[in-house]
Amino acid sequence: MIVFEDVTKVYDPDVVGLEDFTCHIGKGEFVFLVGPSGSGKSTLIKLVLKELRPDTGRILVAGRNLGTLRNSKVPLLRRNIGCVFQDFKLLPNKTVYDNVAYALEVVGEPRRSIRRKVPEILSLVGLAEKTNSLPHEISGGEQQRVSVARAFVNHPPLLLADEPTGNIDPETAVGIMQLLVRINRTGTTVVIATHDRDMVNRMRRRVLQLEAGRLVRDERRGSYDQVTEEVGDAF
Amino acid sequence: MRFSYFLAEAFGSMRRNWVMAMAAVITVFISTAILGAVLVTRDNLNQGATNLKNRVMIEVFIRDNSSPAQVSALQHKIDVLKSQGQVKGYTYISKEQALAIFRKRFGERIVANLPINPLPASYQIQVQNTDNVDKVAAQFFNDPTVDNDPGTHNGVKYAKETVRKMLGTISLIEKGMWVVTIIFAAAAVLLISTTVRLSIFARRREVEIMRLVGATNWFIRWPFVFEGFITGLFGAILAGVFVWVGNWGIANWIKSTQIDFLSLRVYRLWWQGGTWPLGLLPTLALLGALLGAVGSLVALRRHLKT
């Protein structure tokens, strides 16, 4: 699904985003990106979205080489990638319904199918009651579920989440993670950048650990820290 | 293109950002009103110049003691000039008619005190081509029938200097008006694009999200372009009505005063001609709408680099 080959991205005054980064993420995988702030997690996500361009190296997303992808095709790429962010990125003036519907309007989905799909996905994320609320009228956890709903309403093959639980309390965070797991079960590849140690340790999924832009660990059923990894494997 | 969706988006966003929308409408209103006023003035000056040109006329005064034969000889001379195509037409004004005109213009009281009629009879000659006034007038300089004082040509009057100066002034003012028109048109585009840029800056988050969910650039642009279009249209219609009412008021005022010769035109809102190929209101409205749409596009360019 995602292939990085020797990718290096250096920001302007010598700040390393990613360095010689190589990894393969297969179809249908559920992957955690861990590492301290500034280790390159967000850079990686921005590269996948082609918001940034790498200095060197090659990136393939769903078989498409981003280096040769024309600018006019970038919107098409993004329609196949659902995105969830720490700050939710909802349109503040639009209702929950309209925020989710927006992702479909953009694709040119007929109105009738929008009217069918949006309530469907809202009830999947447990927000059927909040359809007509504005983002500021609902809690952070609920806002994040709206953003997950928006990311998934197109049923994209790939879903990226940048600190999806960063701004919400641990209990609500569990709900969000369960939602992402359910989305993963439908075959969607899910990549989550996170600081949430408990979550990563509990889930035991593939972990990519970054440090100063380098991949320092890639583990099948990993945990947040390297030390607990052996413990994890022993079980 | 999903017209109704983009239109709804545009109206929705104008409702939500109504302060900004108002600012934009007022900007367009002011710029197009000034532009419209300049254009109307230009048009009227043109009209005034044409009027003046049509009025370039030679008055040939006849000596009081001329015999009827001499007068008809003079008239024959004018007829010849007319047959040569130099003179467009002429009228004979007798002493009595001259007095009547004088009385009408300056009032009964002055005339009543005159012991005799001091006004000479005259021919009023309209020349075919304004530029030939001198040549035509010169034909009468040495005519014995003409009431010249010895050694002068003061029996032949034509608006030589005055008209030239006025025409010169008008063409100068007109050139100035062109400059003003261009400056204000440029100012309007800048003001509108700044206003739109501000409103886009206020909504850059919105644009960012649109791009993230995979909106194409045109999908993002259209609502903004519609918004600019509607804003421009609305402001310009207000300006059109404003200019029209102003023109109407001033024209009526001028009609009631001595400077009537300017003959200001009272436009109808749909009046076509001059600088208004589509009529005053439609031209301004279209102009405003275009300004708004183009302003939006210009302002968006920077925000939509992938």
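**Close-up 1. Contact between chain B and chain A in the predicted model**. With contact taken as heavy atoms within 4.5 Å, 18 residues of chain B meet 23 residues of chain A. About 2,100 Å² is buried between the two chains, 52% of it given by carbon and sulfur atoms; buried area here is the accessible area (1.4 Å probe) that two parts lose on being put together, summed over both. This is a predicted model in which local features need pLDDT of at least 70 and side-chain atom pairs count only at pLDDT 80 or more, whereas totals for chains, interfaces and linings use all residues. Residues are numbered from 1 along each chain as its sequence is written, chains are lettered from A and ligands numbered from 1 in the order in which they are written, and side-chain values use heavy atoms, with hydrogens and water left out.

**Close-up 2. Salt bridges across the interface of chain B and chain A**. The rule, a side-chain nitrogen of Lys or Arg within 4 Å of a carboxyl oxygen of Asp or Glu, finds two salt bridges across this interface. One of them joins the side chains of B:Glu9 and A:Lys94, at 2.9 Å from N to O. On the side of chain B that touches chain A, the elements giving two or more residues are helix H1 (3-16) and helix H8 (204-212), where helices are DSSP runs (H or I, at least four residues) numbered from the N terminus. H8(B) gives the most to that side, with seven residues.

Close-up 3. B:Ala37 and B:Gly240, 203 residues apart in sequence, are 9.2 Å apart in space, C-alpha to C-alpha.
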